Amino acid sequence: GLKMAVDLPGIDKPPTVKANAVYNGQPVTLEVTGDNTRKLLAADNFQLIASVGSPHATARYSGAVMRRPTPGLDGKFDLQVASVGRLLSWVEMPLPAGQPDPGPLTVHAVMSGDGGKATLKEARIEGKAIRATATGSFDSTTSVPAFDAVINVEQADLNAYLPADTKQPARAATP
């Protein structure tokens, strides 16, 4: 069952959304708040704080959402996964039989936007089988849009994170 509470206190006050649900026997929570309703509906950009949580993973974004001139984000995003193997089993995409759980995984990103320019100031992915950083930018203000990125991969065994092939038997993650 889904339980949701939406608070709309007025056009000049921030609305909030809180929701709780159960997915495959585990609780999932959602919380969203931001600028006042007037700004959410009409402004080119607005502030937003959003989080989704479960026993297996949490994700959070805090910052601005830009609609125009170029859609983008100007804030921080964080994802924390306690166990990739358990998360994949929970969402019914388990790792292949016999493959060890790659354990925890974290993702952190700081983005900024200014008009038609979007920048990935910092991005970091860290886990037992992966470690990478990135920066990048996209500029749509020029006659030919420009994209630039620098990606540093220190370690990447992506197979450690791939779910089982649907043609092969899968295993459930061990607690």
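Q: Does Val-6 count as buried, partly exposed or exposed?
A: In this predicted model, Val-6 lies in strand 1, which covers residues 3-7. Its relative accessibility is 47%. Buried means under 20% and exposed means over 50%, so at 47% Val-6 counts as partly exposed.

Q: Which residues make the nonpolar surface patch of about 440 Å²?
A: A residue needs over 30% relative accessible area to belong to a patch, and Val-6 has 47% relative accessibility. The patch, of about 440 Å², is made by Leu-2, Met-4, Val-6 and Leu-8.

Q: In what order do the 10 strands of the open sheet stand, and which strands are at its edges?
A: The 10 strands follow the order 1-2-3-4-5-6-7-8-9-10, with antiparallel pairing.

Q: How many bridges join strand 9 to strand 10?
A: Strand 9 spans residues 130-139 and runs antiparallel to strand 10. Gly-136 stands opposite Ala-149 in strand 10. The number of bridges joining strand 9 to strand 10 is 10.

Q: Which residues does Leu-30 touch, not counting those up to four places away in sequence?
A: Leu-30 is placed in strand 3, residues 26-34. With 31% relative accessibility, Leu-30 counts as partly exposed. Contact means heavy atoms within 4.5 Å. Beyond its sequence neighbours up to four places away, Leu-30 touches Val-17, Lys-18, Ala-19, Ser-51 and Val-52.

Technical notes:
Residues are numbered from 1 along each chain as its sequence is written. This is a predicted model: local features need pLDDT of at least 70, side-chain atom pairs count only at pLDDT 80 or more; totals for chains, interfaces and linings use all residues. Side-chain values use heavy atoms; hydrogens and water are left out. Patches are made of residues with over 30% relative accessible area and no salt bridge: like charges are joined within 9 Å, nonpolar side chains (Val, Leu, Ile, Met, Phe, Trp, Tyr) within 5 Å. Accessible areas come from the Shrake-Rupley method with a 1.4 Å probe; for residues, only the protein chains shown count as cover. A salt bridge is a side-chain nitrogen of Lys or Arg within 4 Å of a carboxyl oxygen of Asp or Glu. Helices (H or I, at least four residues) and strands (E, at least two) are DSSP runs, numbered from the N terminus. Buried means under 20% relative accessible area, exposed over 50%, partly exposed in between (1.4 Å probe, protein chains only). Two strands pair if DSSP finds at least two bridges between them.
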